[in-house]
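Dear colleague,

I am passing on the structure we spoke about, and my notes on it follow below. Please read them alongside the coordinates.

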Amino acid sequence: MDTATTEADGLAAPQEREAQQRQYVNSSAYGFCVFAAAALPDLKQQLLRRAAAFEEQQLRGTILLSVEGLNIRLSGTRSAVEDMKTAIRALHPEISGLDFKDSYSARLTLPKMLVKIKKEVIAMGVPQANPAVDGLAAHISAEEFKNWMDSSKDMIVLDTSFRAFPEQAKTQLQHVPKDKPIVMFCTGGVRCEKASYALLHDGHKEVYQLDGGILKYFEKVGGVHYTGDCYIFDDRVALTPELTEAAVVSCFACRSPLTEADQQSADYKPAKYSRVLYRGNRSPGRSGTMRGSSAKPSVMAILKLAVGKANELMSAALYSKRFIGASALMIYGYGSYPIAKPTSSFSLKLAQGLDAHELDRQDPFAINVRQIAKRVGVKNPDLVSIRVGEQSSGASMGANATIGRRGACIVLPMELYDAFHAPSHLHEKYDIPKRDEIDFVLAHESAHIAKNHGMITGASLPVSLVGCCYAIHKIPNKLVAGIVGVLGIVGGNMLLSWSLEHEADRVAAQNGFAHGGINCFQRKLTRNCELRSVLNTRLITAQGNYLGDTSHPLLTTRIERLKLMIKDTGSSEAATC
């Protein structure tokens, strides 16, 4: 083999590896200016359109827009990243000279391209602080800060890289003289901008922030006075002082960073769990490595982590008092329109009134109810409790698979019970429900049990609460957030209730009770029209629909659906058992 060729190949291999390692540019920056709140949606669309010119494998990133400025992370090919930098700098004169911090990698380090509108460019709980307006802490360059560290200058060095910094700093610095120099640092500098507001308003006179954060410090002076790696916010997890990807991964369970030593532990299970770690205090002159327990995470440790995250979310919401107001509105809305059904025997009696009594098992009405319940698909119909009360409205309670042990019950008005036992000639002479109408009501209520509607409605409450709380936190306008909170509970549960009522009608119709349902609803419409003429109320329409009953669909709608079912199936089956 030719010696010259071998040497050339040996030189080319490292160069190719280096080029591969620098295939993608990872760029981050932040800028403070004053954006009009009304202009933010247009700016968001402008940036998304610019990013859409590139394929997903060319450009990804996360851009946070706020009235106080923007926070940017980009990952992509050099041309795509530079194009987005140009578009971002053109958004506002104050950020036309925005300084980006670049590093390189062999892969894209962000999952997709996102542009979001936020209250703050970084979540610190101080939205009133805008460095573009207030001109907060003075910046100190990496070189000057290194000189201060070289000369052992008497100062306090603070890491601001955690969400609760403003409150914790007050406790940590309560005995520190107000004229003592304080130098703050974080990953890229944006947290220091916001954190300085808290220190200055707490009376500290000499507050500095490391210009560009640790990443700029690495770029300018390397890792002098710094031990360990710098945690970042993309797939690389951490960077070395040489701005190369560190041999650090994230815990699959808790997302804490794990060093090479952590990964060699017997307690480390890739893609499952790791030791519960905490991020150590990283600052020049102190160790920046992550330390933690060597034990497998306990249930208590996981619960503490969950509670901590919940407290963090609550703290973020409570500062504007929006969460309290919206929660009160949601509780009121749910209390006004209850959907979930109780399950215990005691709660059944309480819900329907003390006058609701259980029928004897040999009562013909109770026997008929259980026969219909079996026909529509109720499991163990013999275990269903049949109750009759003066004030009950005819609702199935405790509908679930374990009917016997959870107190499944059908509570019906005395009117239906009396009508069932009335002689047939009285049905024609007096305006009382006929047998086909009675059997439809029984089939409808039994269908609620057969389809586990009680379990569905009960489970919907926590889901709707969580969903509405999340929506409230994301909506900047307080009035709109409150409206969404109420509508999310009331409107969501109302629509769910309507869909379950329609399903119960459908099950009853499929088992031969459709004609009885039409007759039953027609009777109700006639009665409502008579009440409308007497009471002169707008809650009852000219057709006889009662608008005050938000848990049930309109009677005319239910009649039309039953007629369509009869037409589709060609059903002419008798409506009695």
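Helix H2 (residues 40–51) has 12 residues, which at 1.5 Å a residue should span 16 Å, and its end C-alpha atoms lie 17 Å apart, which agrees; the expected span is 1.5 Å times one less than the number of residues, and helices (H or I, at least four residues) and strands (E, at least two) are DSSP runs numbered from the N terminus. This is a predicted model, in which local features need pLDDT of at least 70 and side-chain atom pairs count only at pLDDT 80 or more, while totals for chains, interfaces and linings use all residues. Residues are numbered from 1 along each chain as its sequence is written, and side-chain values use heavy atoms, with hydrogens and water left out.

Within H2, Leu40, Leu43, Leu47 and Ala51 are buried, where buried means under 20% relative accessible area, exposed over 50%, and partly exposed in between (1.4 Å probe, protein chains only). Seen down the axis of H2, the buried residues fall within an arc of 75°, so they line one face of the helix; the arc is taken over the directions from the helix axis to the C-beta atoms. An α-helix has 3.6 residues a turn, so residues three or four places apart point the same way. Asp42 and Arg49, both exposed, sit on the face of H2 turned away from its buried side.

For H17, the 16 residues should span 22 Å at 1.5 Å a residue, and the end C-alpha atoms are 22 Å apart, which agrees. Because 14 of its 16 residues are buried, H17 is largely enclosed by the rest of the structure. Asn452, in the loop between H17 and helix H18 (453–474), has a positive phi of about 60° although it is not a glycine.

His225, in the loop between helix H8 (213–221) and strand S10 (230–231), is not a glycine either, yet has a positive phi of about 65°. His225 counts as partly exposed because its relative accessible area is 27%.

With best wishes
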